[in-house]
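Hi everyone, thanks for making time this morning. I'd like to walk you through some side-chain contacts, so let me put the structure up.

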Amino acid sequence: MDVTIGDADNAAPVIMIAEMDPIQVPHDNNSDTDTATFTIDACESSDPDEDTLSFSWSEANSPFSAEGCSVVDSLAAGDYTFTLVVKDTYDEETSIDISI
């Protein structure tokens, strides 16, 4: 009798990004104000296998990086692309680009 032991199937994480309000630099009667603070929230992301998830964030045109299911940043008006990589404990990963 031959017995083969294989790895169990592992499903990739599912990324869920919370709905975001439009982001604008505030008009606060202070001409020195040139940034807007915002949050990108992926805390509702899940894993079909209920594995623990890790979150890694980056931004295409800056040295920005962060860990955790949400990020808060302040940026000047412009176009930005954040990348989120969500990985489970078996190194199965899913990524998404978020343009703001």
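There are 2 aromatic pairs in this structure, and please keep in mind that the model is predicted. Let's start with F38 and F82: the ring centres sit 5.8 Å apart with the planes at 70 degrees, and since an angle over 60 counts as edge-to-face, that is what we call this pair. Where are these two along the chain? F38 belongs to strand β1, residues 35-41, and F82 to strand β5, residues 81-88, so the pair ties together parts that are 44 residues apart in sequence. Both F38 and F82 are buried.

Now for the other pair, F64 with F82. Here the centres are 5.4 Å apart and the planes stand at 85 degrees, so this one is edge-to-face as well. F64 is in the loop between β2 (53-59) and β3 (65-67), while F82 is in strand β5, so distant parts of the chain, 18 residues apart, are linked. F64 is buried, and F82 is too. Put together, F38, F64 and F82 make up one aromatic cluster.

Let's move on to the cysteines. The structure has 1 disulfide, and it joins C43 to C69, with an S to S distance of 1.9 Å. The angle about the S-S bond is 70 degrees, and the link of C43 and C69 is right-handed. This pair also links distant parts of the chain: C43 is in the loop between β1 and β2, and C69 is in the loop between β3 and β4 (70-76), 26 residues apart.

Are these cysteines buried or partly exposed? C43 has 36% relative accessibility, so it counts as partly exposed. C69, at 24%, counts as partly exposed too.

Definitions and conventions. Residues numbered from 1 in each chain as written. Predicted model: local features only at pLDDT ≥ 70, side-chain atom pairs only at ≥ 80, totals over all residues. Heavy atoms only, no water. Phe/Tyr/Trp six-rings, centres within 6.5 Å; stacked < 30°, edge-to-face > 60°. Helix = DSSP H or I, 4+ residues; strand = E, 2+ residues; numbered from the N terminus. Buried < 20%, exposed > 50% of the residue type's maximum accessible area, 1.4 Å probe, protein only. Disulfide = S-S within 2.5 Å.
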